[in-house]
Amino acid sequence: MILLELFIGFLKVGCFAFGGAYGAIPLIRDVVLSAGWLDDELLTYMIAVSESTPGPIMVNLATYVGSSQAGLAGSLIATLAVVLPSFIIILLVTAMLKTALKNPYVQAMLRGIKPCIIGIILATGLYMMLKNGIVMREGALQLRPLLLSLALGAVYFGSRRYKKGGISPIMLICLSALAGIAAYGV
Amino acid sequence: MNMLADLFLSFARIGLFTFGGGYAMIALIEHACVEEKQWITHDEMMNITVIAESTPGPIAINCATFVGYQQQGFAGAVAATAGMVLPSFCIIYAISMWLERFLEIRWIACAFKGIKIAVGILILDAALKMLKKMPAKKLPRTIMFCGFAAMLLIDVFSLRISSILLMLTAGAISLALFLAGKPGAGAGTISGAGKPGAAGPGCKAEAAAGPGNGPAANAEGGERA
């Protein structure tokens, strides 16, 4: 049953999404792609939409995936599922006065989990960049995706040299949309 | 004003105006809850940020639940969390009804071809920032590299291995090393312990590096205690 599948899928995301929004993206890709709820393309578009609309990214993604699979009921269930673990955990942590997190064994586990997540996010970002930037068609390397990737990367990372913090993620998404229209639409 | 309604509306306002999620929200929550409403102190805010970082889930949700609970117990936690989620829920629900039809418009489809490149850049950037803050020690670096290599293999070959398994493996290895680092425990057992063996070839290096890292893990544990 799709509602139950959505609930369990996003409960998993909520339970293991350490490291904020970007920590959740590899997990959400994992859950959503293996269940076949969205294809990679649409999921990537939706990540950009979630980034450009207010609210936590993983909550936005849960709402969208739920709605696309099972309408309003699906979006409610998926959103509830993604929020529920952190809600319960904070209640527990507050009740136990943070002693659980200071426990040396818990600390030892977290010391392993955190670097692993960084590696996972790094791999996901690199894989997405390579997949979007290096596109082969009929044995020939496509120039436009490659040039777009290089140009956008240069603008995003290069802007830090001139302005503290560089351009914002939303600004990058707007620029990339314009660049996409310029490269493919004209 | 009714306290529950106040919590709900305050967090709904935060939920409506924070783009990008995560750390961008902390500044807004601090402004609303510490300076404006004085629901919590600055120190409590720092504490909750640390807790939010070491627990799963969106940081904004963690903060909302904490502040709501501090003010009005369970009902307060529900009110604040619901307020946090509601605005983006409505917006995304509306978008979800139109997005696929929207993408059929030619120039919007072109725009999204550019946007998907931006998403890769943003994810890569988030990882690089976290990497900079990571302790520059052998063990976290090894685990990071193994997680990276394993995940890359999973992506490239479309393996059906969940990233949750990678995280649990890393947690188990770290815990095993910590236990092995304690006096009386043998260091030879660690490479076999807590490894389901499905995490890909990337973990072979980890097994080899395992015994060498025992003392490092121990030293780290000692610092914390």
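A: Axes, as used here, are lines fitted to C-alpha atoms, for helices over the stretch in contact, and angles run from 0 to 180 degrees between N-to-C directions. Helices (H or I, at least four residues) and strands (E, at least two) are DSSP runs, numbered from the N terminus. The model is a predicted one, in which local features need pLDDT of at least 70 and side-chain atom pairs count only at pLDDT 80 or more, while totals for chains, interfaces and linings use all residues. Residues are numbered from 1 along each chain as its sequence is written, and chains are lettered from A and ligands numbered from 1 in the order in which they are written.

Chain A has eight helices and two strands, in the order α-α-α-α-α-α-β-β-α-α from the N terminus on. Its C-alpha atoms fill a box of roughly 60 × 45 × 30 Å along the principal axes. Of the 186 residues of chain A, 52% count as buried; a residue is buried if 20 or more other C-beta atoms lie within 10 Å of its own, exposed if 12 or fewer, and partly exposed in between, with C-beta atoms placed from the backbone. Chain B has eight helices and zero strands, and 46% of its 225 residues count as buried.

Contact between two residues requires that their C-beta atoms, placed from the backbone, lie within 7 Å. By that criterion, 90 residues of chain A are in contact with 80 residues of chain B. On the side of chain A that touches chain B, the elements giving two or more residues are helix 1 (2-16), helix 2 (20-35), helix 3 (40-52), helix 4 (57-95), helix 6 (104-133), helix 7 (143-158) and helix 8 (169-185) of chain A. Helix 6 of chain A supplies the largest share of that side, 26 residues. Sorted by class, the side of chain A that touches chain B has 57 nonpolar, 28 polar and five charged residues; Ala, Val, Leu, Ile, Met, Phe, Trp, Tyr, Cys and Pro count as nonpolar, Asp, Glu, Lys and Arg as charged, and the others, Gly among them, as polar.

Helix 6 of chain A packs against helix 6 (residues 138-156) of chain B at an angle of about 40 degrees, with the axes 7 Å apart. The two helices are therefore oblique to each other, given that angles under 35 degrees count as roughly parallel, over 145 as roughly antiparallel, 65 to 115 as roughly perpendicular and the rest as oblique. The crossing of helix 6 of chain A and helix 6 of chain B is right-handed; a crossing is left-handed if the near helix is turned anticlockwise from the far one by less than a right angle, and right-handed if clockwise. Residues of helix 6 of chain A that take part include A:Arg111, A:Gly112, A:Ile118 and A:Tyr127, and the residues they meet in helix 6 of chain B include B:Pro140, B:Phe145, B:Met151 and B:Asp155. This contact has 17 nonpolar, four polar and two charged residues.

A further pairing involves helix 7 of chain A and helix 5 (residues 106-133) of chain B, whose axes come within 10 Å and cross at roughly 50 degrees. That angle makes helix 7 of chain A oblique to helix 5 of chain B, and their crossing is right-handed. Here A:Leu148, A:Ser149, A:Leu152, A:Gly153 and A:Tyr156 meet B:Gly114, B:Ile117, B:Ala118 and B:Ile121. The contact comprises six nonpolar, three polar and no charged residues.

Leaving aside neighbours within four places in sequence, A:Met58 is in contact with A:Val13, A:Ala17, A:Ala21, A:Ala24, A:Ile28, A:Val82 and B:Pro58.

A:Leu91 also lies in helix 4 of chain A. A:Leu91 is partly exposed, with 17 other C-beta atoms within 10 Å. Beyond its neighbours within four places in sequence, A:Leu91 is in contact with B:Thr65, B:Tyr69 and B:Ala77.
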